[in-house]
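Here is a short briefing for a first look. Please view the sequence and the model side by side.

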Amino acid sequence: MTEWLVNLGFKNICYKRDNIGNHNLYVSPKTEGKKILLLGHNDTVFPKGKFENYSEDIEWVYGPGVCDMKGGNMVALQALSNLYEKNRKIENIDFLLVSDEETGSDDSKKLTSKLASDYDYCFVFEAAGESLEVVTGRKGVGTFTIEIEGKASHAGVRYEAGVNANLEASHKLIALTELTNLEIGTTVNVGKIEGGIGANTISPTAKLLLELRYTKNLERDRLLKELDRIVDTSYVEGAKSTLSGLIQRDVMEPNEEQHRLIEEIEAISGEKLLTEQRGGVSDANIVASQGVTTLDGFGPFGDGDHTIHERALKSSFEQRINLMTKMLLHHQEFKEF
């Protein structure tokens, strides 16, 4: 990607990392007008040796990342190549490729958040919907651990002397699950429970690993408040609990600026742009939470992502490249949407 983009006039700023892949920002010269960030990630979910094959037939390409999201990166690259071929220059468009999106962007999200303030628009190249929808909304997600301290005791001889951490965990599990509100897209899932020593011992410790997902900032605030309340409550006398974790990616809420931008893109392209909201997260969440007008799903359509059956539809590449080329050509002429 660096060789190709440098040949299009971009300057590479490499954020070197020791334990993960480097993050790379490709910057173009700046003039007056609105600034665009194109955003993608180079990593896939597959460990080395698990899925490294590429193949294709008349309709589909198959392989790791063909839709999530090396395929999307190629859409962006080809649109930029088309732009350069026509204008011989590119201005006010930068391209950020991070290396850790599939593991939660734990390292890159600080960089992405910091860079976001330099841009007016962001287009993210995760896979398109089945009818080539773009994504206007994504749930926020947080992962937390509750560690519970009880008191061990012989279950047969001194039952009453113990403080059962497992029992405390069960009360907390029920209270946490009751925070779920499917009507508005809020889910709380306790995905893992650990605790205890054996059947003849009152459990001295327990641990809950849980995830929050939500569609609105107000729900995030409610969930965090209730999470603190549940952690601070001792359902079993003598049990003590501590909380760790964080909001990994905040919610991407649909908004009026997105709506206006979509109408402008439809006028530029001469085609209807379908939209959808998704429960899964992406780095679009990070940029949108910084107030940047963000649209996601500009990659090709595919399915089987995160499995060895991953594939992407060839015809969707052509559609997405043509759409993004028209959008970027318009921006280069007017420096806005």
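Which residue in β7 is the bridge partner of Leu37? The partner is Cys122. This is a predicted model, in which local features need pLDDT of at least 70, side-chain atom pairs count only at pLDDT 80 or more, and totals for chains, interfaces and linings use all residues. Residues are numbered from 1 along each chain as its sequence is written, and side-chain values use heavy atoms, with hydrogens and water left out.

**The sheet**
- An open sheet is built from 6 strands in the order β1-β2-β6-β3-β7-β16, with mixed pairing.
- Strands are DSSP runs of E with at least two residues, helices are runs of H or I with at least four, and both are numbered from the N terminus.
- Two strands pair if DSSP finds at least two bridges between them.
- β1 (11–15) and β16 (293–295) are the edge strands, each pairing on one side only.
- From one strand to the next, the twist averages 20°.
- β3 (residues 36–41) pairs with β7 (residues 121–124) in the parallel sense, over 4 bridges.

**Helices across the sheet**
- Helix α3 (residues 108–116) lies across β1, β2 (23–27), β3 and β6 (93–98), and runs at about 170° to β6.
- Helix α8 (residues 314–334) lies across β3, β6 and β7, at about 135° to β6.
- Axes are lines fitted to C-alpha atoms, for helices over the stretch in contact (heavy atoms within 4.5 Å). Angles run from 0 to 180 degrees between N-to-C directions.

**Aromatic rings**
- Rings of Phe, Tyr and Trp (its six-membered ring) pair if their centres lie within 6.5 Å; planes under 30 degrees apart are stacked, over 60 edge-to-face, and the rest tilted.
- There are 6 aromatic pairs by this rule.
- Phe123 and Phe298 form an edge-to-face pair, because their planes stand at 80°, with ring centres 5.4 Å apart.
- Phe123 is in strand β7 and Phe298 in the loop between β16 and β17 (302–303), 175 residues apart.
- Phe123 counts as buried at 0% relative accessibility (buried is under 20% relative accessible area, exposed over 50%, partly exposed in between, with a 1.4 Å probe and protein chains only).
- Phe298 is buried too, at 1%.
- Phe125 and Phe298 make a tilted pair, 6.3 Å centre to centre with 55° between the planes.
- Ring pairs join Tyr121, Phe123, Phe125, Phe298 and Phe337 in a cluster.
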